[in-house]
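Please examine the sequence and the three-dimensional structure shown below.

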Amino acid sequence: MLTTPITADLVRGALDLEFTERGVLPHRLPARARQQIPDGQLTMAESQPSGVRLVFRTAASLVELDVLATKRVFAGTPPRPDGVYELFVDGRRSGQASVADGDTISVDLATGAARHEPGPVRTLRFDGLPGHEKTVEIWLPHNETTRLVALRADASVHSAPSSGRRTWLHHGSSISHGSNATTPTGTWPATAATLAGVDLINLGFSGSALLDPFTARAMRDTAADLVSVKIGINVVNADLMRLRAFGPAVHGFLDTIRDGHPTTPLLVVSPIHCPIHEHTPGPGELDPDALREGKVRFRATGDPAKTASGKLTLTVIRDELARIAKERSAADPNLRYLDGLELYGEADHAELPLPDALHPDAATHRLIGERFARLVFDTALT
């Protein structure tokens, strides 16, 4: 078996690689941005490699990847499923694997206290691969921080040439990150990218699509052929700002992106349908009654009457984003708006309800991805 160093030319979809004593840690935000992260939620989310994959050429019939996963345990909630690694050979899914242990972070949802316990490195083994020269992709778990420790094969491994495909840079919330999707290529952005034949850089961050300036600067500095931002649900469920602050913050976020992408197609996407926050402001929280039954479900706790004084709901945010996009597009012909209700609306919720009242399930991720590919990549929006 030949060991190949894991370097940037083998990794797609990450903005930075951190070389640590315990392996290579892919990051979806660059080091400068990470220095400005204000909370552990985004620190966790950006280190979870949604959309990140190893890509290389080889004639090997056997490939092994040593990984150190980080498992997260939330007290009082059902165990989280192990992250999935998906193998593709010349674009065709050829296998998947998981590791059952690794480092563990146990979180008390009542207090926020976390306890870290180091764990073992495990080996993923993919064998029976065709013996000819081929392109191999290993998609990393979208929801499980993973350090890449070693890559081995029974033939030489080298970087794959550029695919020549367009690059799509996307930012959004946990829904874009892939919450409740069951595989890394089953998230709605990965589904849309596959159907459209584009290379994805997914900056969907669970709980953290909050118009952070450092995220906008990271997008400004990342080469892309299409840029999209899906804004709204986290601003509402975090009860982060009022309408007076929201509009200028959106403008500032888009202005920063435009500093690096002055004419790139830029798509502003509003939230999908979510009944708990359509007309009820945040903050959102875990439903304690559901937790007592060992289930995860979210609820909104704000007062709908306070929207008159500027508190935000999804309905308010859709109106404001449509207004901003219309205003900006008069001077920016490459900016477009997509109503999130076209991706998943009230009728869809009746057929495919959000299982935890906030995040789509695997089938709904597929539906959203298919619709995005059709509405965006198959139209003049791009």
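Which residues point one way from β7, and which the other way? Tyr-85, Leu-87 and Val-89 point one way, Glu-86 and Phe-88 the other. In a regular strand, side chains alternate between the two faces of the sheet. The model is a predicted one, in which local features need pLDDT of at least 70 and side-chain atom pairs count only at pLDDT 80 or more, whereas totals for chains, interfaces and linings use all residues. Residues are numbered from 1 along each chain as its sequence is written, and side-chain values use heavy atoms, with hydrogens and water left out.

Strands are DSSP runs of E with at least two residues, and helices are runs of H or I with at least four, numbered from the N terminus. In β7 (residues 85–89), 5 of the 5 residues are buried, so the strand is largely enclosed by the rest of the structure; buried means under 20% relative accessible area with a 1.4 Å probe, protein chains only.

Strands pair if DSSP finds at least two bridges between them. β7 runs antiparallel to β8 (residues 92–97), joined by 5 bridges, and Leu-87 has Gly-95 as its bridge partner there. The two strands form a hairpin with 2 residues between them, and Asp-90 in the turn has a positive phi of about 50 degrees.

Note on methods. Buried means under 20% relative accessible area, exposed over 50%, partly exposed in between (1.4 Å probe, protein chains only).
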